[in-house]
Amino acid sequence: MEKMEQLREALPPIPATEPIYTRGNHFYQGNQRFMIRGICYYSPEDHPEHLTGDMLDDEHLDDLRRDIANFRELGLNTIQVSHLRPAQDHSKAMHLLRDAGIYVLVKLADDGIVAPTPRQAHGLPPFNPNFNTARHYPTHTLECALRLASQFAHHPNTLAFTISGSALRVPATTKIAEVIRALLADTKHYLRLQPSPRRIPVGVSLSDNLSLALLSQTYFLAGPAETRADFLALDSWGWMGARSSFSVSGWKNMIDRLAGLPAPMLLGAFGTPTPEKPRAWTEILSLYSPDMTGVFSGGCVHRYAQRRGSDWYDTMYAVVEVVEGSEGREVVKKKEFGTLKERFRTVDARRAEETWGAGVARKDFEAWRGEFPAKSINQWYATEHIPRFAGDWSALVKEIEEAREWVFVEKSAAA
């Protein structure tokens, strides 16, 4: 098997020119089901209070060329990116990734939606969980999301877009889900206006907050296709170390809970660090097995890189460290990089029945409408009624289109 893997890595990659689409609860590439073998590709300079690194802008092209070789060595077919800057052109990076056979999962409007705080100072009126959501739907957030969507919609290796659901943290502020759904619906509406026959999936990324999990998942999948999520990207940190298992981690309970939802799903982030180093990545063997392939279409390891000298806890999540060398930034592979590589090799070598079992029946998501969760005091406050964009929609779309045309003109002149 070792020689076969070495040969595969030596062969030129198959370019990622076949767009990915959803059907039922699966992702597809052509007529074949597409399993996401991805990694979160965030800036090594990221800090929880200052997440601004755009890894796909022209300033990072040399870094990207270096990292693509590592993506291929790991056997990845997808990277997930966030905090991209709409004013930057990302075409060169997307072309490099396309030629390397890498698809891109693009997060839109990271942390752009903020829920009000339920804490109130002495003397102020009590917090109202039925607050006016229109006041929390900023024009800037929608504009940034649409500008990025406008750019990436024209690349065949854009796998999908996700809208962050990170604002959903406590039951008292769950009405903010209406704003997240509004941004989702407006992004989908904008993409339908584009002169392209391709329908790029737009989903929602949610945490594994168990108190809100089923309610939020049900909420974003309910209703008409025009306003609901096309898929769910779920973060899950339950699998911790080599001693964990499908049952011990809580992943079996998660699968049982999600089995009734017929939408495509992926793990948006996983890979909990433990005192035992390196991470054993045994969860890879379960994620791409009959245990989970009936519900999930793979996922994204968290994460690729962290800068040496960063907070020790953040560094534990990275499979490589970025250091300053004599010729600029260099990457040092951590021991768990090799472990992760071996796990993906094992998955790639499996026979069909070892991945799918007796067969995975596709569910009918297209005809499914579901039901919105009922409002419940101290549990869930969001309804199907979402806020409208307060600005001039036609003027915003025109402004975005004109800005994109200028980018194309400048690129043509430079060529």
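Arginine 343 is partly exposed, with a relative accessible area of 22%, where buried means under 20% relative accessible area, exposed over 50% and partly exposed in between (1.4 Å probe, protein chains only). The model is a predicted one, in which local features need pLDDT of at least 70 and side-chain atom pairs count only at pLDDT 80 or more, while totals for chains, interfaces and linings use all residues. Residues are numbered from 1 along each chain as its sequence is written, and side-chain values use heavy atoms, with hydrogens and water left out.

Arginine 343 belongs to helix α10 (residues 335-348); helices (H or I, at least four residues) and strands (E, at least two) are DSSP runs numbered from the N terminus. Leaving aside neighbours within four places in sequence, arginine 343 is in contact (heavy atoms within 4.5 Å) with Ala280, Trp281, Thr282, Ile284 and Leu285. Tryptophan 281 counts as buried, at 1% relative accessibility, and has a positive phi of about 55° although it is not a glycine.

Further backbone features were found elsewhere in the chain. Most residues other than glycine have a negative phi, and most peptide bonds are trans. Alanine 109, in the loop between β6 (103-108) and α4 (139-152), has a positive phi near 55° and counts as buried at 15% relative accessibility. A cis peptide bond, with omega about 0°, joins histidine 302 and arginine 303, and arginine 303 is found in the loop between β11 (298-301) and β12 (305-307).For the chain as a whole, the secondary structure comes to 12 helices and 14 strands, and 53% of the 415 residues count as buried. Among contacts between residues at least 6 apart in sequence, 79% join residues at least 24 apart.

A search of the whole structure finds 17 aromatic pairs, a pair being two rings of Phe, Tyr or Trp (its six-membered ring) whose centres lie within 6.5 Å, with planes under 30 degrees apart counted as stacked, over 60 as edge-to-face and the rest as tilted. The pair of tyrosine 21 and tyrosine 28 is stacked, because the ring centres are 5.8 Å apart and the planes stand at 20°. Tyrosine 21 is partly exposed, with a relative accessible area of 24%, whereas tyrosine 28 counts as buried at 9% relative accessibility. The rings of phenylalanine 27 and phenylalanine 231 have their centres 5.6 Å apart and their planes at 65°, so this pair is edge-to-face. Phenylalanine 27 lies in strand β2 (residues 26-29) and phenylalanine 231 in the loop between α6 and β9 (232-235), so the pair ties together parts that are 204 residues apart in sequence. Phenylalanine 27 counts as buried at 0% relative accessibility, and phenylalanine 231 likewise counts as buried at 0%.

One aromatic cluster is formed by Tyr219, Phe220, Phe372 and Trp380. The charged end of arginine 181 sits over the ring of tyrosine 219, 5.5 Å from its centre; by the rule applied, a charge sits over a ring if NZ of Lys or CZ of Arg is within 6 Å of the ring centre and within 35 degrees of the ring normal. Arginine 228 lies over the face of phenylalanine 365, at 3.8 Å from the ring centre.

Glutamine 217 is placed in helix α6 (residues 213-221) and counts as buried, at 3% relative accessibility. Not counting residues up to four places away in sequence, glutamine 217 touches Leu206, Leu232, Leu234, Arg257, Leu258 and Leu261.

Rolling a probe the size of a water molecule over the atoms shows where empty space is left. On a 1 Å grid over the protein atoms alone, a cavity is a set of points where a 1.4 Å probe fits but cannot get out, and lining residues have an atom within 4 Å of a point; grid points are joined across faces, edges and corners, and a volume is the space filled by probe spheres set on the points. By this rule the count comes to four cavities of 30 Å³ or more, and about 70 Å³ of space lies in the largest cavity. The lining of the largest cavity consists of Ala153, His154, Leu191, Gln194, Ser196, Arg198 and Ile200. By class, this lining has three nonpolar, three polar and one charged residues, where Ala, Val, Leu, Ile, Met, Phe, Trp, Tyr, Cys and Pro count as nonpolar, Asp, Glu, Lys and Arg as charged, and the others, Gly among them, as polar.

Key: 1 Å grid on protein atoms, 1.4 Å probe; cavity = no way out; pocket = protein on both sides within 12 Å on 5 of 7 lines; lining within 4 Å.
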